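Here are my notes on the model, as numbered points. Please read them with the structure open.

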Amino acid sequence: MFNRRFLLFFSLTLLSLNVHSQTLLKGKTVDQRGYLPYVNIILVDQQDTTQVKSLTSDSIGNFELKNIRKGKYTLSFSLIGYQRNTRTISFETSVLRTVALGDVILIEELNLLSEVTISGGTPSFRTQNGQLKIGVANNAFFKSASNLLDVFKKLPGLQVNQDGTMQLASRATPTLFVDGKPANMNNDEIQTYLSSLSPDMVESIEIINQPSSKYDGEYQGIIDVKLKRHQSLGLKGTYNGRFQRNNYSLLDNNLSLVYKTNRFIYDLKLGHTTGSTFYKYHALQYLPDANAMTTDTRTATANQNYNVQAKISYELKKGQNIEAFVRNFQITREATSRNLLITQNPDLSKTIGLIKSNNDAFPKQHNYAGGFNYDAQFKSSELHLIASFAQVDNRQTEDIQNRNDFTNTLLNYWKTKSRNNILIRMAQVDYVKNMSVGKLEFGGKFAYSTTQNDLRYDTLGNDAIFSLDLKRSNQFQYQEYIAAGYLSYIGNWNKFNYRLSLRTEHTTTEANSITTNMITERRYLKWLPSLSLTYAINKDEQLTLSYSRRLTRPTFAALNPFRFYYSPRHYWIGNPYLQPSTTNLLALSFSRKVLNISLNAGREINPMERYPEYNPETNELIFLGRNIPYRDFANILVSLPVTVNKWWRMNNNAGLYYNKELRPYFGNVYKIPIYNYTLNGSQVFSLKEWLLDLSYTYESKSGNGLYIMKPVYGIDFGLQKAWLKNTINTKLTLYDAFDNIKRRLIFRDKTMFNNDFYHYFASQRLVFSLTYNFGNSTYKARENKKSDEENRAN
């Protein structure tokens with residue numbers, strides 16, 4: 001019933017809004033080869049020379065200036081590497097109307113490319129229609145960052161954990177976009193990609209806390225990286241190297257080569273990572289017999305990782321482009337874990353038992369992908385097609401020995417061999433129609449994914465022969481079909497800008513646990529509406545109200561009923577019965593110049609969590625994937641950059657969070673409201689040709705229905721300097737200067753289960769990075785696209 005009412009309301013709204021006229025100045029920025037995105041546009045009142053409006057053209061060059069009053073104005077268009085285009089615009093009447101400028105042509109200034117100094121660009125911090133846009137290149141707040149991953153750590157409302165995972169507003173895992181298109185990657189690929197980009201290679205970043213129904217239902221939040229785009233012909237090369245030292249050493253090398261002719265663009269990216277990382281897990285668990293068991297695991301992982309991306313783009317004719325790409329990512333690691341299981345009396349004064357465990361693991365991952373993209377811009381419409389194929393092949397062998405250190409006897413000896421193979425096929429089409437008073441968007445997507453998993457455990461028996469361990473071994477197959485479609489309308493009325501969207505996604509899945517002879521089939525249809533309304537209070541202030549419904553599907557690994565061991569008595573296991581969750585989110589945001597405030601609140605139904613369950617017979621701690629009934633959440637986020645004077649700038653971000661979840665657990669129902677806050681920011685000092693950056697982050701005491709999370713803070717120091725007219729850029733950074741970043745969790749109800757543990761990723765490290773630019777072109781090529789399903793495959 002709700003769906004019918006919503007569709008009726010949606011249709012009537014579209015019809016009624018089309019009858020209104022609007023004051024609107026619109027057009028498209030182009031050069032001699034086609035559309036030109038991300039051009040800086042400024043409207044200045046000729047009478048008092050004040051800036052009335054400023055914006056950047058979108059990813060295909062379109063721009064719209066709304067609510068322009070009667071008067072004479074100077075309209076200027078600028079982009080690095082191009083001559084400035086300036087024209088005079090007059091409005092002699094206050095009658096509402098639409099003025100179409102058509103194509104605004106910018107002419108290349110090839111002779112200036114090697115000498116130009118950038119003084120403009122995207123504003124440092126700006127809110128438009130509820131989306132926060134942050135300029136990166138030439139932004140003093142980010143110049144000392146060694147790479148884009150460091151920039152992410154300074155973004156308001158974004159938490160970057162030491163293992164590479166991210167959370168937006170302490171709730172949602174954001175999806176990475178590049179130039180308006182998804183580039184979903186697993187944690188390793190995200191870190192590799194973000195580490196390969198220096199801040200000067202990025203024009204801006206857009207943070208979308210509440211994606212519209214135009215985007216896939218699984219996109220809880222979006223971080224869109226807009227790379228710098230220049231058009232001169234010839235070769236452009238960038239080398240980016242980074243060396244870090246903590247417990248071990250790690251070296252990243254990345255090379256980007258782009259060669260551009262009049263019609264073709266050849267793009268090649270190469271990357272290599274070598275060296276080791278360190279991880280520690282420490283837990284104190286009190287057993288039912290009143291003894292205490294301490295788990296101490298230390299893992300050193302050696303890396304030899306390679307990545308290659310190759311792409312060729314061809315301009316069929318003006319406004320129409322086709323590109324084909326291939327991608328390969330290879331991970332080869334040797335993870336050596338040394339684990340201690342210490343059993344002691346309650347006051348920890350006497351050791352009763354000591355088990356030493358050696359786990360030597362050899363994980364490998366081979367990712368292959370390819371596809372093509374077609375983009376066409378017509379007079380009043382656009383067409384975008386994406387088709388891709390990807391294969392993810394994970395393999396791992398392990399050698400696990402557990403020994404009683406008191407008696408020096410071998411307790412058990414396992415050998416494992418696992419293979420996980422995922423195939424993903426995806427096709428997507430999007431169409432945009434510019435109308436007289438608005439914009440209509442619609443499109444569809446189809447994805448088909450299959451995964452095959454085979455995990456074998458062999459255990460050494462009393463006869464000194466390894467035999468198959470049926471309790472731990474497993475074979476699992478999974479296939480998933482997703483068909484989706486959306487309809488979206490964007491319009492304006494007086495000082496209001498609105499968007500109405502509706503998306504529907506139909507999913508069919510089959511999970512087949514061959515070992516247990518269990519098949520789980522599921523079909524579900526989800527309707528995902530969204531709407532947003534922005535009111536321009538004046539040229540410096542705007543208010544945005546929005547609503548959206550989002551969908552979260554379980555990852556392939558979360559559905560897989562395999563055992564994944566942290567230690568001999570601590571593992572997690574997947575659950576093929578996991579249900580997808582839905583989130584209803586309401587957001588209100590306010591911006592005044594560089595000040596941004598947003599209020600978000602909502603409820604997530606069937607959120608997915610991992611429950612710890614203790615087995616008193618085996619002393620095992622098992623984490624099982626389950627759906628809990630619901631989670632309520634709310635947060636307030638504030639961002640305020642301040643320029644104190646010409647040599648001192650500061651940026652401060654704050655967040656206040658509320659969470660309450662209904663969590664049944666062993667006969668009890670926990671419903672605990674949790675409040676916490678976060679602070680992060682940086683103090684940037686310009687010292688002649690050097691830039692000094694002091695960055696900080698603090699997270700107060702927090703948690704969930706079962707665990708308390710202790711406070712955490714970190715302080716970084718960075719020093720940056722450019723050499724040889726910005727050809728070489730060097731940066732030295734000391735991360736986590738006081739070695740304090742540890743994720744510590746304590747179980748709330750100690751009468752039920754007493755557990756205290758922390759994760760430590762050796763975040764204190766010294767890093768030296770160097771970026772070298774060469775060649776006679778400064779062209780930026782778009783990144784290859786990856787499908788949303790590839791993100792869930794890892």
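1. Burial. This is a predicted model. The protein has 794 residues, and 54% of them count as buried. Its accessible surface comes to about 34700 Å². Carbon and sulfur atoms hold 57% of that surface.

2. Confidence. The average pLDDT is 83. A score of at least 70 is reached by 89% of the residues. Two stretches need care. Over residues 6–22, pLDDT stays under 50, and the model has 25 contacts beyond four places in sequence there. Over residues 110–123, pLDDT also stays under 50, with 19 such contacts. Where pLDDT is low, the predicted coordinates should not be read in detail.

3. Aromatic pairs. The count comes to 25 aromatic pairs. One of them is Trp-648 with Phe-685, a stacked pair. Their ring centres lie 5.9 Å apart, with 25° between the planes. Trp-648 belongs to strand E38 (residues 648–665) and Phe-685 to strand E40 (residues 674–687), so this pair ties together parts 37 residues apart in sequence. How accessible is Trp-648? Its relative accessibility is 26%, so Trp-648 counts as partly exposed.

4. A tilted pair. Tyr-677 and Tyr-698 have ring centres 5.8 Å apart. Their planes meet at 40°, so the pair is tilted. Which strands does the pair link? Tyr-677 lies in E40 and Tyr-698 in E41 (residues 690–699), so the pair ties together parts that are 21 residues apart in sequence. Tyr-677 is partly exposed, at 38% relative accessible area. Tyr-698 is partly exposed too, at 26% relative accessibility. Strand E40 thus carries a member of each pair: Phe-685 and Tyr-677.

5. An aromatic cluster. Which residues make up the cluster? Tyr-281, Tyr-665, Tyr-707, Phe-747 and Phe-757 form one aromatic cluster.

6. Charges over rings. Two arginines are worth a look. The charged end of Arg-603 sits over the ring of Tyr-630, 3.9 Å from the ring centre. The charged end of Arg-765 sits over the ring of Tyr-735, and here the distance to the centre is 4.3 Å.

How values were computed:
Residues numbered from 1 in each chain as written. Predicted model: local features only at pLDDT ≥ 70, side-chain atom pairs only at ≥ 80, totals over all residues. Heavy atoms only, no water. Buried < 20%, exposed > 50% of the residue type's maximum accessible area, 1.4 Å probe, protein only. Areas by Shrake-Rupley, 256 points an atom, 1.4 Å probe, with all protein chains shown as cover. Phe/Tyr/Trp six-rings, centres within 6.5 Å; stacked < 30°, edge-to-face > 60°. Helix = DSSP H or I, 4+ residues; strand = E, 2+ residues; numbered from the N terminus. Lys NZ or Arg CZ within 6 Å of the ring centre and 35° of its normal. pLDDT = per-residue confidence, 0-100. Contact = heavy atoms within 4.5 Å.
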